[in-house]
Every structure is written in C-alpha cells, then in structure tokens.
Amino acid sequence: MTSYMPSGDGRSQHPSRPSRWGALLLLVACLLLAACTRTALYSDLDEQQANELMAALMGAGIAADKAQTTLQSGTGWEVRVGKNDFPRAMQVLAANRLPRQRYVSMCETFKKEGFASSSIEEHARYQCSLQQELAHTLSGIPGVAEARVHVALAERDQLGNETSDSSAAVTIYEQPGANVRDRETDIKVMVKDSIEGLDDPNKVTVKFYTLGAPQASRGNAPEMTIAGFSPMVLGIAAGVLALLALLFTVIGRMRARSAQAASAQGASGRVWNG
C-alpha cells in the first residue's frame, strides 16, 4: 500500500511574486531602451513634407515614423529613424533633395483682402486661377499623375492694343508605363483654346517626366538593424521574450517539484512496504 505524501515544502507551484515583478521590470526597461533608440531627422515640417520623407526612407528600406510636434511657430511634424540608420537616412534625403523647399503660390501672394484691388492684383489672381484650372483638367487625362501649367498672358497698352502674345509652359508627370507623350498635340491644342490671345500651338511647350524610383538590387539590400525598427515593434518583441523566459522558468520549477514529489512518494512506499 502506498500512501500519498504532499510535496516537500508544501508551497504553491505558481510563480513567485518577485519573479512576476522582475519580468515586468524587464519589459519596462526594454520599452524605455527601444524608445531611446530613435532620433529626429527634421522637426519643423508640414504634413506633405513629412510624408515625402517617409516615402523616400521606406523606399530605401529604412524604418521611419512621424509624429506631430508643437513648436513656437505652430504645429509641425517630425520624422524619426533609428540612431544607426541616421547617416544613411541623411544620404537618402540628400540624394532625393528632401525636404523640399516651401514655396508660396501666386494665389497666396495676391490673396483677396479688403474691398478694393489694384489691376495688378486682379490680373495675377486671374492668371493663377487659369493656371490651376488648366492643371486640374490635364491631371484628369489617363496616365497623368500631376500637371503644372505656367501661363504668360498677353500684355496690353493703355489703348487696349496687345503688345505681346500669350504663351504657356506645361509640365506633365506621367505614371510609369503610361503613353501620355503620344497626346502632346492634343494637350497643346487644348491649352491654346483655353487661353485668350494664344492662337499658335507652337507657343505652348510641353515637357514630360516619368515618375518612379529605381529598384534596389538584391546585392545592395539595406542592412537591417535593431534600431531600424519602431519602438512598438521592439517593445512587443521584448515582451514576448520576457513572457517566454517566465514560462520556461515556471515549467522548470514545476518539473523539479514533480520530480521531488515522485521521489518522496517512492521513498515513503519503500519504507511502508519494509
């Protein structure tokens, strides 16, 4: 007959409280370490500039994130990367001429203010509106990613006679694989018919540019570093590792206590049978 003997020390097989606090402190330390591995490239950016930087960095295989900041000049955006990626990130941005300079359009310069406007302001606003309307129309052509139009309107003397002819310059950014260049004549005729005083399509110049970033070869693939990952990813990974370590510790203790209990039961059985 074999009698039941409790485990040697009688304590619960649950993990001790110090072990739980140690795992929690380890997780917090990993999160703080991950948060300190990021550094800002630029801080005083608008959202479009921040998105352009993000696209260029992610296209080069550099993990980056953006965050909204409050500055003395107002609210802006900052783009951050891992400290180990900082030198290469600056090289990528310099090669792409980023961040782009902020420009003030003619519409903003001659914005309507007050009740009266000079003839120069009215002329500038009309010219700016015409350019934007033409660019919007050209951007609707299939295959056109973006269009820019610059119009030089005919000047008139005090008697109303034209002293120069109107002209226009069009820049088309076409999508990869599109054949917008085949429609150059149609674009010139459309622009000519939309501008007063422009009767010759040869006074409309059209330039085409194809968008698209070169693909990096496998031999030049960017090296992945721990600092290149976002703090959230590093925090999750650290938490998983901490939980796995705690789980293995608990399983080891349970196995050791089970072996001790089995050994104690075997010894008691031998004494009872003896």
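What follows is my run of entries, from the overall fold down to single residues.

**Entry 1: the overall fold**

I began by noting that this is a predicted model. I then went through the secondary structure and found seven helices and six strands in the protein chain. Reading along the sequence, I wrote down the pattern α-β-α-β-β-α-α-α-β-β-α-β-α. I also looked up burial for the chain: 27% of its 274 residues count as buried.

Next I picked helix α5 (residues 119–139) and helix α6 (residues 184–194), and asked myself how their axes cross. The axes come within 11 Å and cross at roughly 150°. Angles over 145 degrees count as roughly antiparallel, so I put α5 down as roughly antiparallel to α6. I noted the crossing of α5 and α6 as right-handed.

**Entry 2: salt bridges**

How many salt bridges does the structure hold? I have eight in my notes. A reminder to myself: side chains of opposite charge can pair when their charged atoms come close.

- K66 and E47: their side chains meet in a salt bridge at 3.9 Å, N to O. This pair links distant parts of the chain, with K66 in strand β2 (residues 64–71) and E47 in helix α2 (residues 47–59), 19 residues apart. K66 is partly exposed, with a relative accessible area of 30%, and E47 is also partly exposed, at 41%.
- E78 and R80: I found a salt bridge of 4.0 Å, N to O, between these side chains. Buried or partly exposed, I asked of R80? R80 counts as partly exposed at 27% relative accessibility. E78 counts as buried, because its relative accessibility is 15% and the cut-off for buried is under 20%.
- E122 and R125: here the salt bridge is 3.1 Å, N to O. Both residues lie in helix α5, three residues apart, which is about one turn of the helix. E122 is partly exposed, with a relative accessible area of 39%, while R125 counts as buried at 16%.

I then went back to E78 and R80 and asked which residue joins them in a network of salt bridges. My note says D65: D65, E78 and R80 are linked in that way.

Which residues make the nonpolar surface patch of about 300 Å²? I wrote down L247, F248 and I251. I followed up I251 and placed this residue in helix α7 (residues 231–273). I251 is partly exposed, with a relative accessible area of 32%. A patch takes residues with over 30% relative accessible area, so I251 at 32% is above that cut-off.

**Entry 3: a buried loop residue**

Last, I turned to V180, which lies in the loop between β5 (167–174) and α6.

Terms used:
Residues are numbered from 1 along each chain as its sequence is written. This is a predicted model: local features need pLDDT of at least 70, side-chain atom pairs count only at pLDDT 80 or more; totals for chains, interfaces and linings use all residues. Side-chain values use heavy atoms; hydrogens and water are left out. Patches are made of residues with over 30% relative accessible area and no salt bridge: like charges are joined within 9 Å, nonpolar side chains (Val, Leu, Ile, Met, Phe, Trp, Tyr) within 5 Å. Accessible areas come from the Shrake-Rupley method with a 1.4 Å probe; for residues, only the protein chains shown count as cover. Helices (H or I, at least four residues) and strands (E, at least two) are DSSP runs, numbered from the N terminus. Buried means under 20% relative accessible area, exposed over 50%, partly exposed in between (1.4 Å probe, protein chains only). Axes are lines fitted to C-alpha atoms, for helices over the stretch in contact, and angles run from 0 to 180 degrees between N-to-C directions. Angles under 35 degrees count as roughly parallel, over 145 as roughly antiparallel, 65 to 115 as roughly perpendicular and the rest as oblique. A crossing is left-handed if the near helix is turned anticlockwise from the far one by less than a right angle, and right-handed if clockwise.
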